[in-house]
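Dear colleague,

Here is the structure I said I would hand over. My notes follow below.

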Amino acid sequence: MTDAPGPEAEFRAHLAQGRFMLQRSAATGAYMFPPRTAAPGTGARDLEWTPASGKGVVYATTVSRRRPEQGGPVNIALIELAEGPRMMSRVDGVAPEDVAIGMPVRARIEEVLGDLAVVWVPAEDAA
């Protein structure tokens with residue numbers, strides 16, 4: 001038995017240090033998210049943490065309509081990371097209705113409901 005933290009705890013520890021990190025298989029080079037103990041499909045346990053580029057594209061989006069006293073509408077977006085995996089998050093900095101599929105975005109670490117999380121903002125340039 002090991003005393004090492006689980007992959008989710010390690011991911012959160014990186015966020016606490018201001019780093020957005022992804023796991024990557026040393027053998028295949030494939031990136032994965034969410035954090036896990038073994039690579040999907042192969043079961044390989046050769047996962048290493050590597051800095052994420054912080055670049056992504058909106059793959060899918062929807063607007064959750066909330067009452068004004070609950071903060072108003074918010075978007076929910078599936079972001080395709082430049083490294084390949086997809087992550088559920090949100091896009092800040094634009095009206096929820098203006099988030100569009102194919103929109104280039106960049107990552108930002110923020111506190112969300114008392115925990116640190118990766119959220120996205122529109123990229124300043126489409127490159």
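First, a term: a residue is buried if its relative accessible area is under 20%, exposed if over 50%, and partly exposed in between (1.4 Å probe, protein chains only). Phe20 is buried by that rule, because its relative accessible area is 9%. Trp120 is buried too, at 0%.

Some ground rules. This is a predicted model, in which local features need pLDDT of at least 70 and side-chain atom pairs pLDDT 80 or more, while totals for chains, interfaces and linings use all residues. Residues are numbered from 1 along each chain as its sequence is written, and side-chain values use heavy atoms, without hydrogens or water.

The sheet

Five strands form an open, antiparallel sheet in the order 6-5-4-7-8. Strands here are DSSP runs of E, at least two residues; helices are runs of H or I, at least four; both are numbered from the N terminus. Two strands pair if DSSP finds at least two bridges between them. Strand 6 (86–89) and strand 8 (115–122) are the edges, each pairing on one side only. On average, neighbouring strands are turned by 35° against each other, direction ignored. Axes are lines fitted to C-alpha atoms, for helices over the stretch in contact; angles run from 0 to 180 degrees between N-to-C directions.

Strand 7 (residues 104–112) is joined to strand 8 by 8 bridges. Val112 sits opposite Asp115 of strand 8. Helix 1 (residues 7–16) packs on the sheet and touches strand 7 and strand 8. Contact means heavy atoms within 4.5 Å. The helix direction makes about 65° with that of strand 8.

The core

The largest nonpolar core has 17 residues. Such a core is a set of buried Ala, Val, Leu, Ile, Met, Phe, Trp, Tyr and Cys residues joined through side-chain atoms within 4.5 Å. Phe20, Ile79, Met87, Val91 and Trp120 have the most contacts inside it. Strand 5 (74–81) gives the largest share, 3 residues.

Aromatic pairs

There are 2. Rings of Phe, Tyr and Trp (its six-membered ring) pair if their centres lie within 6.5 Å; planes under 30 degrees apart are stacked, over 60 edge-to-face, the rest tilted.

- Phe11 and Phe33 are edge-to-face, 5.5 Å centre to centre, with 65° between the planes. They are 22 residues apart, and both are buried.
- Phe20 and Trp120 are edge-to-face, at 6.2 Å and 85°. This pair spans 100 residues, from the loop between helix 1 and strand 1 (21–25) to strand 8.

Best wishes
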